[in-house]
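This report describes selected parts of a predicted model.

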Amino acid sequence: MDRRALDYLHAMGIQPWAERRVAVEVLTPLVPEEPITDGGPGWEELEAQVRVCTRCDLYRTRQNPVFGVGNRSAELMIIGEAPGAEEDRRGEPFVGRAGQLLNEMLVAIGLAREAVYIANVLKSRPLQNRDPRPDEVAACEPYLRRQLALVRPKLILAVGRIASQNLLKTDTRIGTLRGRVHDYAGTPLVVTYHPAYLLRTPLDKRKAWDDLRLVVRLLSGVA
Ligand code: SF4
C-alpha cells in the first residue's frame with residue numbers, strides 16, 4: 001500500500017494491517033471508448049437531454065443539473081443519491097468534504113477519482129437535501145441506466161442508504177445490504193456508506209474499508 005493510502009487510513013482512524021494490503025495497479029481502466037450502436041442516445045445527446053430535462057419538478061429549483069463525471073470506460077461506477085447544494089452550484093457530483101473523503105477512499109484502493117465514473121440517482125437537487133421521491137427516481141432513472149449502458153462497468157458501488165435502496169428497490173437497512181453482491185440492470189453492485197455519513201460516524205469507517213476491499217476483490221476477479 002502506498003504512502004497516500006496509508007495517510008488516508010490513518011486519517012480514517014483505521015489500522016492498516018499487513019493482510020489488508022491490496023494490489024490495485026491492475027484496476028486502472030484502459031479500455032478505449034467504443035462507439036455504442038444499440039440505438040440509444042450517446043454521451044453528448046444524453047447530456048444535452050439532462051441539461052434541459054423537465055421530467056420532474058426538480059428542474060424548477062436546480063441551478064445546474066449534475067450529469068456525472070469521470071472515465072466513461074471505467075471498470076467501477078460510483079452511484080450516489082442526488083446533488084447537494086455545492087454539487088448543484090458546480091454541476092459536479094461529490095464535491096466538498098464528502099467528495100474529498102470519497103476521493104481518499106478511492107485512492108486507498110489505488111483508484112484516482114478520474115479513473116472511475118461517478119453519477120447520482122437524481123441529476124437535479126432536491127431542496128433542503130430531502131430524500132428523493134419515488135416519482136422523481138422513476139423519472140430520472142432512465143438517464144442513469146443509459147449511463148450504465150454506455151460505461152459498461154464491471155462493478156457498481158452504490159454509496160449511501162438512499163442510493164442503495166433506490167437502486168435495489170428495497171427498504172432493507174444499508175447494514176444488511178453491505179457485504180454481498182447485488183445486481184442492478186445486469187451489473188454487479190455492492191453497497192457502502194455515504195462519505196457524508198462517515199464524516200458524522202467515524203466508527204463505521206472500518207466497515208467502509210471492508211466494503212472497499214470487497215470492491216478490489218471483485219474488480220480483480222477473486223471474489
Ligand atoms: S431530477 Fe432527473 S428527471 Fe428530474 S428534472 Fe432533474 S434530470 Fe430531469
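## Strand β4 and its neighbours

In this predicted model, residue I79 stands opposite A158 of strand β4. Strands β2 and β4 run parallel and are joined by 4 bridges. Strand β4 is also joined to β6 (residues 187–192) by 4 bridges, and this pair is parallel as well. Here V159 has T192 of β6 as its bridge partner.

## Helix α5

Helix α5 spans residues 134–151, 18 residues in total. From first C-alpha to last it reaches 25 Å, close to the expected 26 Å. A kink of about 40° lies at C140, shortly before the proline P142. R152 follows the helix and has a positive phi, near 50°.

The buried residues of α5 are E136, V137, A139, C140, Y143, L144, Q147 and V151. These buried residues pack against α2 (43–51), β2 (76–80), β3 (117–120) and α6 (161–168).

## The ligand shell

The ligand is surrounded by 14 residues, the closest being C53, C56, K123, S124 and C140.

Helix α5 gives the most to the shell, with 3 residues. By type, the shell holds 9 nonpolar, 2 polar and 3 charged residues.

Methods:
Residues numbered from 1 in each chain as written. Predicted model: local features only at pLDDT ≥ 70, side-chain atom pairs only at ≥ 80, totals over all residues. Helix = DSSP H or I, 4+ residues; strand = E, 2+ residues; numbered from the N terminus. Expected span 1.5 Å × (residues − 1). Bend = angle between axes of the 7 residues up to and from the residue. Buried ≥ 20, exposed ≤ 12 C-beta atoms within 10 Å, placed from the backbone. Contact = placed C-beta atoms within 7 Å. Near = placed C-beta within 6 Å. Nonpolar A, V, L, I, M, F, W, Y, C, P; charged D, E, K, R; others polar. Pairing = 2+ DSSP bridges.
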